[in-house]
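Visitor: I'd like to learn how to read a fold from its contacts and its accessibility. Could you walk me through one?

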Amino acid sequence: MIFELNKPSRPRSLQAMVALYRRYVVKRLRAVWAAPIVGLLLAAGAQAQQLTWTEMGGPAVDIGVGSIYGNLWVTDAGGNIYNWTGAKWAKKAQVPGGASRVTVAPQGGAKVVTMTGAVYSYGGNNNWNLDPGNMTDVGMGAYGNAVGVNPTGIYRLYGNGVGWTPMPQAPGVAVRVSLDPKGNPWIINSTGAIYLLTGSTWVQKPAAAKDVAACHNGDVYIIGLDSLPYKWNGSAWDKKSDTALLNIACDSQGNVYATTTSQVILTSASIAVPAPVAVDKAAADKIAADKAAADKAAADKAAADKIAADKVAADIAAAAAIKATAEKAAAEKAAADKVAAEKAAADKATAERVAAAKAAADKAAADKVVADKLAAEKAAADRAAAEKAAADKAAADKAAADKAAADKAAADKAAADKAAADKAAADKAASVVTVTNGQVTLQGVHGKFVVAEPNGTAAVNRDAVGPWEKFAMQTHPDGSVSFKSAHGKYIVAESDGRVNANRDAIGPWEKFAVTRNANGTLSFKSAHGKYMVAEPDGRLNANRDAIGPWEGFKLTSESLAVTSTALAPVPAADKAAADKAAADKVIADKLAAEKAAAAKAAADKAAADKVVADKAAADKAAADKVVADKAAADKAVADKAAADKAVADKVVADKAAADKAAADKIASMTATEKLAAAKLVAAQAKVEKKAADTDVKTATKTLATDNNKKTGADVTADKKAADAEKVAAAKVVAGREAVEKAEADAAVVEAKKLVDAEKAAAKKVTDAEKAAKAAATKASAAEKAAAAKIVADEKAAAKKVADEAKAAAKKVADEAKAAAAAEKAAAAKN
């Protein structure tokens, strides 16, 4: 027990009892709600109108309401109390111990029950007043009246403040209460049963529930054991929603309020719940515009920074271009190195292609070995299955032959039994006991006489013969006899083994077959195949399967007019019984032999099945190992190929990066190189021209000096020679410029050819690698698919063999069982 009220040495306060009881109720309700219970009794007819919910926030666990829109209170899991102001939930002062349940009167007064069972009434101005007593739940009615429940009973509190007055006790222990407009309480007890107090009588309503709410407009709602709300229609409950609820309440207008299992507050009333605050679109637009402007400014700055960076880079490149002339030889060396690297890469690619081709050939050879092994194993499995099928057919044929032989033996036995039965009937008809006059008495082995009591019972407990111990014996054409008592009733062998003397007429159960025993007594066999027996305690029964001392009776005729045939031995019947026993033994032996043969066949089949299953498992394990080994080998090959490819990719990538850097350098140097060369040539030409001009001036001066000494002809010749030298010098300069320009252009063209050739070679290598990878992927997928198909085929073949073996075994067992049943039925019939 939870409370242990019978132990005065451990007194408990009512408050402590309530706390303990609340824990008990929780456990009890959990146990009841978890049990398989028949659902609520729903009203027949049209579907009831469903509630439409509006969410009012949360979280909350209990709810109470008075008039419409007003006086709406809730409590949460932390024991806090809230009141609806019409626009929001206002938190109220907390009561000691924390509020658990809340109830509201139609006029607006509110009460709460704490987690320890104390009751408080709201006094306004955020004040709570402690009420007398401790309760589990309280329901409020009009004018301050209330009804409370606790483990000790049900109590009413009147508005005059007298205190809690006991009310009639309802069945069980009440845990929930709510008052209707007349102040009558609806309660739910700890098992979920629903009761209404009518006058001084509690009337149980159908179904079971977790919570109840009686509205002051006459409506009544419950939360069923399935956590769904239902409304009382006067005879049954109509489901009103598919929302799982925790607690429920309703106002004086019939609007419903509830808390859900997820602690959301709901109402069916048209209450305007405040909408979320609208977003200021103008402010949002300004923020977006400011962000766009900032983004644009950042982009503009980035563009400007890029232009400045590009200019700096261009300036640096221009400065580097001047230096590039001196680095031309290094570039030419790099080009030569590039050619050598490309040749090395081509050689490596050729070696990799040769290795890949060899690996593919090795893989194809390994795949063929696996395929050949799997084909051989499948052929062996097919051969084993065929051999097993042949063995199963031979076993089935033997079982059919055995069954035919058994059926023939059973038919022969049935014919022999019928002939023996016919002979036994004839012999029995020739050896019946016939009393021609008077009555007979039957005396058991214990010395007591058979008696027919007036109440219709029969016994074998009389020490002497009186009228009730005498019977008129009647012999029938089939040799059976019947006994009629002094009360005019026939002795009968009941189907349960009892013997009575209460039948008015003769039927099969009132006839007894007579057997002559070696000691001169007679035994009587009923229509149920049981022998009459004199029990030591005086009871007379007919429940023995064989004849013993207690089954022998001494028959005495009052007139002693018993025919001589009554004392004659009945050898024919004895022989028939012996023949039947021998035949039964033959049948039993044959059934035992057939059963042993069937068991052996089943054992042989189980052994064969195990051999097949073991071989299939071994084959599968071997195949799995081959596949696993092959997968491991393939993975190793793939890993090596991947590693080689990674190395090759790195070499190619490094080479491509170096080539790209060289190409970028050549591309960037081409224009500047030409400009630098042109500047250099111009500078050299300028120097040479200056030197030539100096020479010309010197020569002119010399000529002028000489002219003073020479003739006119000499002067003319000197002038022509000087002009010729000027022309030759100009030609030399022009030729030098043309040669240098041609050399620069040729170097640029050659560099471009090298870059293009390198790109083409890299593309060929990449394409070859892609093709090899695609071929390897395709080959691996095809190989996996082939291996999976072989394994699936083997599994299907093994399953088929096992299914056929099971079917054959079941057929043999069913046929053996049917044959045994047929033989047993034939034996029982005989």
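Predicted model: local features only at pLDDT ≥ 70, side-chain atom pairs only at ≥ 80, totals over all residues.

Visitor: Which residues touch the most other members of the largest nonpolar core?

Guide: In soluble globular proteins, nonpolar side chains tend to be buried together. Here the largest nonpolar core has 24 residues, and Phe 483, Phe 524 and Leu 540 touch the most other members.

Visitor: Is Ser 485 buried or exposed?

Guide: Ser 485 counts as buried because its relative accessibility is 7%, and the cut-off for buried is under 20%. It sits in the loop between strand S28 (481-484) and strand S29 (490-493). Leaving out neighbours within four places in sequence, Ser 485 is in contact with Ala 452, Lys 470 and Phe 471.

Visitor: And Ser 200, is that one buried or exposed?

Guide: Ser 200 has 58% relative accessibility, so it counts as exposed; the cut-off there is over 50%. Ser 200 also lies in a loop, between strand S16 (193-198) and strand S17 (201-214).

Visitor: What about the whole protein?

Guide: Zooming out, there are five helices and 35 strands. Of the 830 residues, 31% count as buried. Among contacts with a separation of 6 or more, 52% join residues 24 or more positions apart. The protein exposes about 46,300 Å², with carbon and sulfur atoms supplying 63% of it.

Definitions and conventions
Residues numbered from 1 in each chain as written. Heavy atoms only, no water. Core = buried A, V, L, I, M, F, W, Y, C linked by side-chain atoms within 4.5 Å. Buried < 20%, exposed > 50% of the residue type's maximum accessible area, 1.4 Å probe, protein only. Helix = DSSP H or I, 4+ residues; strand = E, 2+ residues; numbered from the N terminus. Contact = heavy atoms within 4.5 Å. Areas by Shrake-Rupley, 256 points an atom, 1.4 Å probe, with all protein chains shown as cover.
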